[in-house]
Amino acid sequence: MSRLREWVKAFGPADWLLVAGGALVVLIGLLQALGVKALGLGFADVRVPFVAAIALTILLQAIFALGLNVVIGWTGLLDLGYASFIAVGAIVVSLGLVLTKQTPTPYPDMPVRQLVLTQAQRALEPAPGGEVVVRERPDLRFDVVQGAPAVLAALEAGDRTIAARHVGGLTLPVGQATARGEQVFGFPGGYFVLLVLAGAASAVMGLVRGFPTLRLTGDYYAIVTLGFAEIVWLITLNEEWLTGGAFGIKLAGQYRPTVLGAPLYSDTWQYYFIVCAALALVVVAARRLHASRVGRAWAAIKADETAARASGIDVDRAKMLAFAVSGFIGGVGGGLFAIKLGTVTAKQFDIWMSILVVCCLVLGGMGSIRGAVVGAAMLMGLGELLRLASDEGAVGRLAIPPEARFLVYGLILVLLMRFRPQGLLPPREEGPPPAPDELAAMRAAASPLYALPPTAPPQEGAAT
Amino acid sequence: MSAGDLEARGRISERLRALHHEHGPPGETLLEVRGLSKSFGGLRAVNEFSFEVKKGSITALIGPNGAGKTTAFNMVTGVIPPTSGSIRLEGAELAGLRADQICRLGVARTFQNIRLFEDQTVLSNVMVGLHRRLESGLLAALLRTGHARQEEAEARAAAARYLDFVGLLPRVNDCAASLAYGERRRLEIARALASGPRLLLLDEPAAGMNPQETVELMALILRVQAAGITVLLIEHDMKLVMEISDTIFVLDHGEEIARGAPAVVRSDPRVIHAYLGVPD
């Protein structure tokens with residue numbers, strides 16, 4: 001308890017801000033769990049699902065940033081292809097979910113969650129997005145509706161066969177219009193097993209990429225990571241039998257894993273808290289690693305590889321470890337991201353995604369755990385705000401194209417380089433000089449395991 | 001230098017000499033180098049250089065700039081691989097090993113252009129030096145096992161010990177980059193000592209130091225020797241070399257031109273020529 005009190009006493013303004021942010025994140029999750037859809041705050045109505053979606057974007061980005069931080073911030077190697085690790089994680093999880101689905105059990109009265117009409121989509125009239133409630137049947141709710149009114153009517157009547165037959169004159173497999181909660185993943189907790197597998201797969205990829213590049217540093221290393229990410233991207237795009245190519249892997253209702261009694265969708269509180277817990281775990285792991293022998297070895301490599309070698313650090317081994325750890329975190333993050341995406345396609349994991357993660361680190365402060373989280377919060381939060389502004393009529397008359405975000409990111413980074421090149425929250429290394437009694441205690445505690453003459457002969461020359 | 005400084009210097013020298021002799025004469029060979037050569041393209045930086053370092057001794061490697069001293073150091077510590085020749089540490093062959101493997105066998109070094117981990121604290125720098133003597137890996141760190149925590153606490157205590165040894169303990173929490181020049185040298189020595197070496201290589205430890213700092217450095221080197229650690233050093237400060245070395249090897253153009261006790265080397269005409277040029 002007293003340790004906690006001391007820890008809190010050392011808090012600076014930035015720490016309090018982080019605590020407040022964390023509390024807000026948990027609060028949003030609780031509201032979601034309680035089923036609150038909107039909060040009237042006097043000046044504005046806050047739509048909880050919308051805020052939760054922004055929070056999720058930030059949380060996931062923070063996980064990515066912390067994963068990349070291991071290689072860029074701690075080991076000092078510029079990795080410009082981190083999106084490929086996220087992509088591999090996302091693909092492993094979605095493939096795992098698709099491959100391990102159970103035979104569907106129809107529950108005709110379950111509210112229909114999502115209507116997926118892949119092949120007939122082009123034959124259909126564009127239908128409005130967003131949430132739609134079917135008239136006179138408020139229990140049937142569509143979050144994403146892609147289908148003709150006739151289909152909706154048929155569904156309303158509870159006849160899926162008819163619904164399928166009505167679509168643009170095409171016959172569709174009825175199973176594609178699946179109800180939420182119909183399918184469960186093979187075994188309980190299977191999603192978490194898949195997350196670990198995703199992490200492992202990305203870690204292996206990190207090793208595969210890392211091994212031939214052990215001799216490279218600086219720009220050369222960055223170019224290789226760029227090229228490698230491009231290879232992964234092209235494979236994802238072209239190997240349709242594995243990744244679905246440009247269409248990607250769709251996590252339709254029957255492939256959603258069940259966690260805590262509900263199928264996992266991006267707007268469920270279960271998913272929200274899984275992501276929160278994952279970020280918390282990653283933060284704890286990062287803190288522990290940073291303060292360990294392994295973390296010191298990475299920092300030494302970043303500072304001076306030659307001196308690190310001369311100090312007995314097996315640089316190759318330590319680097320491989322960093323690649324594996326970084327890959328693992330990215331893979332797990334990707335596995336979480338897959339649920340949010342719903343459809344995992346190659347185009348989401350392009351160079352911009354990699355660059356954005358790097359930007360979070362630069363903004364927050366390289367090598368800083370708090371910085372990675374704050375950087376992610378600021379960039380992603382800002383991105384969502386700009387997206388809001390770019391939605392026609394959302395904010396006054398501002399109509400900014402969505403791509404303008406990158407212009408603003410660029411501007412922020414330029415200003416940062418000019419006024420605060422170390423980032424917003426750079427790692428704190430220095431401490432106050434020890435008090436005389438602390439010094440005495442340190443001298444007394446010196447371990448006999450590391451024998452040297454107990455004390456220096458008194459310094460007769462004046463101390464410099 | 002004031003008269004008081006000179007006096008202090010004299011007193012230290014006396015004490016150090018006593019310490020030195022108390023430790024006893026050097027015994028068997030710790031490091032044996034035979035026919036060590038290094039070519040960079042057509043340049044023969046070190047040519048068939050052989051020398052040995054007696055256990056417990058202070059051995060100096062001197063020679064004019066560009067003589068190949070640092071290249072020899074780099075080969076002994078695995079920074080660069082030798083073109084040919086053998087380097088044996090108590091019978092174990094070092095040639096062909098990586099720098100970290102050589103460090104693990106008990107050879108530590110400092111660098112001519114000080115190589116600290118600049119943005120880390122003084123304590124962290126020494127903790128990195130302890131790396132090879134600690135065991136905790138990834139899992140132990142993630143789970144923060146009892147063993148890992150105990151090891152970490154011991155390592156901090158040990159690092160404090162090494163800092164105390166070089167007189168930097170009060171600066172334990174400072175950033176390495178904030179240290180003064182002489183302190184930086186001493187921190188580098190503390191880091192090297194932390195790896196628990198049998199042989200410590202110092203590459204121009206007194207370079208850039210004022211006379212006062214040099215005297216303190218000499219005291220430090222002799223204390224390292226008194227701790228049972230053999231020292232091999234490159235140095236241009238002849239006062240330091242002559243005062244504390246047991247044996248001196250003189251290198252010029254990559255080849256040995258003289259060896260022996262300080263008194264012998266000092267009067268060797270070839271050494272004088274190498275440093276001052278041949279009289280017309």
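Which side chains meet in a salt bridge with a 2.5 Å N to O distance? That one is picked up in the first view below, and keep in mind throughout that this is a predicted model.

**View 1. A salt bridge inside chain B.** The answer is B:E90 and B:K55, whose side chains come to 2.5 Å, N to O. The pair links distant parts of the chain, 35 residues apart. B:E90 sits in the loop between β4 (84-89) and β5 (92-93) of chain B, while B:K55 sits in the loop between β2 (43-54) and β3 (58-62) of chain B. Over all chains, the structure holds 24 salt bridges.

**View 2. The salt bridge between B:R98 and A:D314.** Here we move to the place where the two chains meet. The side chains of B:R98 and A:D314 pair up at 3.0 Å, N to O. Across the interface of chain A and chain B, the rule finds three salt bridges. It also turns up ten residue pairs in polar contact across that interface, both partners at pLDDT 80 or more.

View 3. For the model as a whole, the scores are ipTM 0.88 and pTM 0.83.

**View 4. An edge-to-face aromatic pair in chain A.** A:F337 and A:F349 are set edge-to-face, 6.2 Å centre to centre and with 85 degrees between the planes. A:F337 lies in helix α13 of chain A and A:F349 in the loop between β8 (343-344) and α14 (351-364) of chain A, so the pair ties together parts that are twelve residues apart in sequence. A search of the whole structure finds twelve aromatic pairs over all chains.

View 5. Which element of chain A has the highest mean pLDDT, and which the lowest? Helix α13 (residues 315-341) has the highest, at 97, and strand β3 (residues 132-133) the lowest, at 34. Over residues 102-148 of chain A the pLDDT is below 50, though this stretch has 98 contacts in the model beyond near neighbours in sequence. Residues 392-396 of chain A are also below 50, and that stretch has three such contacts. Where pLDDT is low, the predicted coordinates should not be read in detail. Chain A averages a pLDDT of 77, with 73% of its residues scoring at least 70. Chain B averages 88, and 89% of its residues score at least 70.

Technical notes. Residues are numbered from 1 along each chain as its sequence is written. Chains are lettered from A and ligands numbered from 1 in the order in which they are written. Side-chain values use heavy atoms; hydrogens and water are left out. pLDDT is the predictor's confidence in each residue, from 0 to 100. Helices (H or I, at least four residues) and strands (E, at least two) are DSSP runs, numbered from the N terminus. Contact means heavy atoms within 4.5 Å. A salt bridge is a side-chain nitrogen of Lys or Arg within 4 Å of a carboxyl oxygen of Asp or Glu. A polar contact is a pair of N or O atoms within 3.5 Å; within protein, one must be able to donate a hydrogen and the other to accept it, and residues adjacent in sequence count only if both atoms are side-chain atoms. Rings of Phe, Tyr and Trp (its six-membered ring) pair if their centres lie within 6.5 Å; planes under 30 degrees apart count as stacked, over 60 as edge-to-face and the rest as tilted.
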